[in-house]
Amino acid sequence: MADSGVTEGPDKKEEIDRAKSEGKELTKEEKQRLRKEKKQQKKNKEKKDDKASQESEKEKKPLSSPPPASQPPPQSTTQKAPSAVPAPAPVSVPASEAPVPADKPAKSKAELKAERRARQEAERASKQGKKGETGQQAATSKQKAPPNELQPVVKRLPEHIQVDNPDVLKKLAKKLERQQIPLRMDYGYKVSLFSHLHQYSRKAPLTQQVSIPSTVIHPAVVRLGLQYSQGIVTGSNARSVALLHAFKQVIRDYTTPPNEELSRDLVNKLKPYISFLNQCRPLSASMGNAIKYIKKEISNIPSQCKEEEAKSKLLNCIECYINEKIILAAKAIAKSAIEKISDGDVILIYGCSSLVNHILCEAFEKSRKFRVIVVDSRPRLEGREALRRLVQKGISCTYVLISAVSYVLPEVSKVFLGAHALLANGYVMSRVGTSQIALVAKAFNVPVLVCCETYKFCERVQTDSFVSNELDDPDDLIVTRKGKTHLKDWQEVPSLGLLNLVYDVTPPDFVDLVITDLGLGMIPCTSVPVVLRVKNVDQ
Amino acid sequence: MELQAVLMAAGGGSRMTDLTYNTPKPMLPVGNKPLMWYPLNLLERVGFEEVIVITTKEVQKMMSTDPKMKVDVKMKLDVVCIQEDGDMGTADALRHIQQKIKTDILVMSCDLITDVALHEVVDLFRAHNATLAMLMSKAHEFTETVPGQKGKKKTAEQRDFVGVDQSGKRLLFMANEADLEDGLSVRKSIMRKHPRMHIKTGLVDAHLYCLKKAVVDFLTENKSISSIRGELVPYLVRKQFSKTTDSPKMKDDAEDQTQKKNDSSTNHELLISSRDEPLLQLAQERSCWNDHHGDMSEAYHGGKLRCYVHIMDQGLCYRVNTLAAFIEANRLAPKLFEEPAVHPSAVISERCQMGSDSIIGALCQVADKTSIKRSTIGNSTTVKEKVKVTNSIIMHGVTIEEGCNIQGSVICSNAVIGRGADLKYCLVGNGQRIEPEAERTNEVIVGTDQLMEI
């Protein structure tokens, strides 16, 4: 990076703001459309065309493919990072809004920032006059303030964390109706702190409203959605692999309609499927990245490519992605992690992470002598599955519930944790209970190692587990002992709420090391944004 | 396409010959609609657009003339005719239409009347990638007196023993009492994998099956299986636990698969493999889900063949294959739909007392001073004055002269009941004439040509 220290501060802020307001894949399309409409309204205003053309040139340069009518956002997001400096990136966000930990010399650059802001306002004002803009502009101006306000920016929050806002719900309903996907109703009373999230019941599957030989949605996708919502496919890696498998089937069964291009039409075909899967179970960060990758690959198919060739190319891409990012990554991570496991170690793991299980099995095969303590928690009790896999290999294990963690920790030498996603500010998003374990381990001075593949690195930023989370079926918490179910009628008690959280975030202070692939080996938690930047440059 | 629907409408109704000797079973009127309209309606409601109907020429002819079928059924019906001699079992019929089957199938019988949420069965089929998913229901006792039955109804000797696992969804064991000579024996392999099994006997098989396409291909190779319910289903359930389909080690899967493919022709193996088997297995490996707990094996015990059952405990589910079921169905089937009890074209005089749970068909003529309670009256029926009809089923084209008293009976099409006749719990066959002032109780009145020759 040729950036001087002067511009580094605002750069990082840009990325973080961008990451924060980027949210989920689905709503980008919506935002794009809204933007286009607004722009067409402002078509009649007088604008400075030179500045506008300058902007478009600057933007067109980093883009590799010819800008068709709609450019998918993932392309522009990947290009945005390198073009962070020249492009009129959106840092009109006042410093107070950026929730960045204040480790940047932001205040001293106030004057420079003010100048840049003034320049950007002018440029943006001219650009908005441009008509029928290509998606690149829509995407890059995504985080910009709406045309009227020059100062405070309206943050576009993703839909899935605004469930208590009826307008957002209406928009979602309209979108789903357009895509012919049924809307899944929320279930039960939601605890007030989490009333902005969706809460679905497993007894009301989405397939109730889908016609039985499903014609709108590809059967492989319906099957996948069912498996997600019933919990048959759980775990970040498993979900991504299953998703890519379903997409392979979709691509195989796809035929380009006449007068359409595969590169554009297939992406549009995938959108309702992604909405459907999102309704069945909110998408994970790894799935989001996989989808971005596929969409990019599809859009990169040259228009003169024949259909068969294009399809086989795409199938190949998917295979490569899985191979590189999941299988080989696991091998690389295992190799690095095994160096950290010494003979006589007592390793503590939590829940069932496919990567951690893989590491431990590999270490055992390389004849390291260690024993494992598996910590488990209700209601999922995933630790049982981890326990089964390790014991099947021959590893000696102990099984405790999370309430016993502080009693068990004095004998533990290391803690290995898996991650659902690594956020751009170094926080680790993982199964609920992970931050608890990390906290207690820190109190006992036990090193905490997080193992995570790079494809799970996410550009989002979160500092608490409330803002964005997933609420599972509250009925899972109900237990029947000796024929008695005390919580059977919990809905009738007005002051009672059942909360079944799925994820939580662990601050980087509690994590000592992140073991990852891509030749990086072991990095500190705070290097995640650097890795993201480097990855984007490569792509 | 995900599922193809197949409706088996060639059955003869062997358990209710009195009703079916003139009208084939699929066209028997239940609630003034032909019997096969009900499964077709169910399929249409869930979203099917095409159905393959396997039936006889006679039924096909009747179908094309029946107004209900022509108007109400919007799906495309692909009718396949087979011989009427009745030697073709349901599995044979599937083999017959093997060319038309391109994907997984949903097989239904024409005599099923139910309001089940079909997605429950199909979801089991989809989510677990099952080979077979079927529907069963808790049997209801038939409370109505059946005409022509002498003495108490015999308790069913032909019980079905159905074994399910703890979740109540996985089908582990299925056998009919007739096949078990000296007791019920359960294989050790089943017990090892599923130590807790619930065995149920009071279940009615709805004859609704979701089958994988591989099963149809297997049927074409294996010509000895002729009935789905009698042979294919128990075979599949048994095969879940047979040694050859067990592959506990995922590692040697590559060799195992090629080996299995070679064996498939010789062992009649049911090979269910998709093109992306390694990817699916990778997903399953990485997923931290298991369908059972407490032993060392992976999800589904590594078995590829899985059979699931959805057991309905609430709601309607009838198989109209006996007279008692037919009467019960007539009573309850109309409640499934929000249709007016009296057809608009029927002419009913004001002095007729009609109960709210009676149904009058089209073009009926009901005269004065009649009383119709808890009954079904078919199309084009004439009911003259002072007739009392209670708890009965009157089919199409019947003429009931004055002063009759009909209780708990079934009068088939085109019969004529003479004036003043008193029928209690009788079954009057097609086109029969009951002489005036006749008094019959608990009799089956059919033509002499239908009586069996000794």
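1. A residue counts as buried under 20% relative accessible area, as exposed over 50%, and as partly exposed in between (1.4 Å probe, protein chains only). On that basis, buried residues make up 57% of the 539 residues in chain A.

2. A word on the basis of these notes: this is a predicted model, where local features need pLDDT of at least 70 and side-chain atom pairs count only at pLDDT 80 or more, while totals for chains, interfaces and linings use all residues. Residues are numbered from 1 along each chain as its sequence is written, chains are lettered from A and ligands numbered from 1 in the order in which they are written, and side-chain values use heavy atoms, leaving out hydrogens and water.

3. Chain A has 17 helices and 10 strands, taken as DSSP runs numbered from the N terminus (helices H or I, at least four residues; strands E, at least two). With contact meaning heavy atoms within 4.5 Å, residues 24 or more positions apart account for 80% of the chain A contacts with a separation of 6 or more.

4. Do look at the pairing across chains. Helix α9 (residues 236–252) of chain A and helix α11 (residues 277–286) of chain B have axes that come within 8 Å and cross at roughly 160°. Axes here are lines fitted to C-alpha atoms, for helices over the stretch in contact, with angles from 0 to 180 degrees between N-to-C directions. α9(A) and α11(B) are therefore roughly antiparallel, a label for angles over 145 degrees.

5. Which residues of α9(A) meet α11(B)? Asn237(A), Ala238(A), Val241(A), Ala242(A), His245(A) and Lys248(A) do, and their partners include Leu279(B), Leu282(B) and Arg286(B). By class, this contact of α9(A) with α11(B) has 7 nonpolar, 2 polar and 2 charged residues. Ala, Val, Leu, Ile, Met, Phe, Trp, Tyr, Cys and Pro count as nonpolar, Asp, Glu, Lys and Arg as charged, and the others, Gly among them, as polar.

6. Within chain A, helix α10 (residues 262–280) packs with helix α11 (residues 285–299) at about 155°, their axes 8 Å apart. α10(A) and α11(A) are therefore roughly antiparallel. Among the residues in contact are Leu266(A) and Leu270(A) of α10(A) and Ile291(A) and Ile294(A) of α11(A).

7. Finally, chain A has an open sheet of 3 strands in the order β5-β6-β8, with antiparallel pairing; two strands pair if DSSP finds at least two bridges between them. The edge strands are β5 (421–422) and β8 (503–506) of chain A. Strand β6 (residues 428–431) of chain A is joined to β8(A) by 4 bridges, and Ser430(A) stands opposite Asp504(A) in β8(A).

Conventions
Angles under 35 degrees count as roughly parallel, over 145 as roughly antiparallel, 65 to 115 as roughly perpendicular and the rest as oblique.
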